Amino acid sequence: QVQLVESGGGLVQAGGSLRLSCAASGRTFSSYTMGWFRQAPGKEREFVAAINSGGRVEYVGAVKGRFTIAEDNVKNTMYLQMNNLKPEDTAVYYCAVSRLPTTAMRQYDYWGQGTQVTVSS
């Protein structure tokens, strides 16, 4: 059974940093695309970043230059390093896995339970 477990969320002041982790189990995801999404209160879930099996990365414009996605295929773990955090980054962050090289949320097959990130001003 596939399971994704996020960790690393918390409360941080604006300008601070957090690193989220997503531990995957149940199968090897080296040939999949792994992505991060977030959902702020009262808003729809949105794409944040993704890394495909070839190592290509994509980011939503709002986080470019501040967030870095990476994966460790040996550990079957994905990371999201978030620097220079802003109050508008406050959201529940979800990791997800897709069999396709995509950023489209509907094409992700497996999801974690989410981890809360709160950035105070």
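Okay, let's start with Thr 77, which counts as buried at 11% relative accessibility; buried here is under 20% relative accessible area, exposed is over 50%, and partly exposed is in between, with a 1.4 Å probe and protein chains only. Before I go on, this is a predicted model, so to speak of local features we need pLDDT of at least 70, side-chain atom pairs count only at pLDDT 80 or more, and totals for chains, interfaces and linings use all residues. Residues are numbered from 1 along each chain as its sequence is written, and side-chain values use heavy atoms, with hydrogens and water left out.

Back to Thr 77, then. You'll find Thr 77 in strand S8; strands are DSSP runs of E, at least two residues, numbered from the N terminus. Its side chain reaches the backbone oxygen of Lys 75 at 3.0 Å. Leaving out residues up to four places away in sequence, Thr 77 touches Ser 21, Cys 22, Ala 23, Ala 70, Glu 71 and Asp 72, where contact means heavy atoms within 4.5 Å.

Next up, Asp 89. This one sits in the loop between strand S8 (77-82) and S9. Is Asp 89 buried or exposed? Buried, with a relative accessible area of 1%. The Asp 89 side chain reaches the backbone nitrogen of Lys 86 at 2.8 Å. Setting aside neighbours within four places in sequence, the contacts of Asp 89 include Arg 38, Arg 66, Val 117 and Val 119.

What does S11 pair with? Strand S2 (residues 10-13) pairs with S11 in the parallel sense over 4 bridges, pairing meaning that DSSP finds at least two bridges between the strands. Gln 13 stands opposite Ser 120 there. Strand S9 (residues 91-98) pairs with S11 too, in the antiparallel sense over 3 bridges, and Val 92 is opposite Gln 116.

The largest pocket holds about 190 Å³ of space. Of its 14 lining residues, those closest to the centre are Arg 38, Ala 40, Lys 43, Glu 46 and Glu 88. By class, the lining comes out as 5 nonpolar, 2 polar and 7 charged residues. And Arg 38, remember, is also one of the contacts of Asp 89.

Definitions and conventions. Polar contact = N/O pair within 3.5 Å; in protein donor to acceptor, adjacent residues only side chain to side chain. 1 Å grid on protein atoms, 1.4 Å probe; cavity = no way out; pocket = protein on both sides within 12 Å on 5 of 7 lines; lining within 4 Å. Points joined across faces, edges and corners; volume = space filled by probe spheres on them. Nonpolar A, V, L, I, M, F, W, Y, C, P; charged D, E, K, R; others polar.
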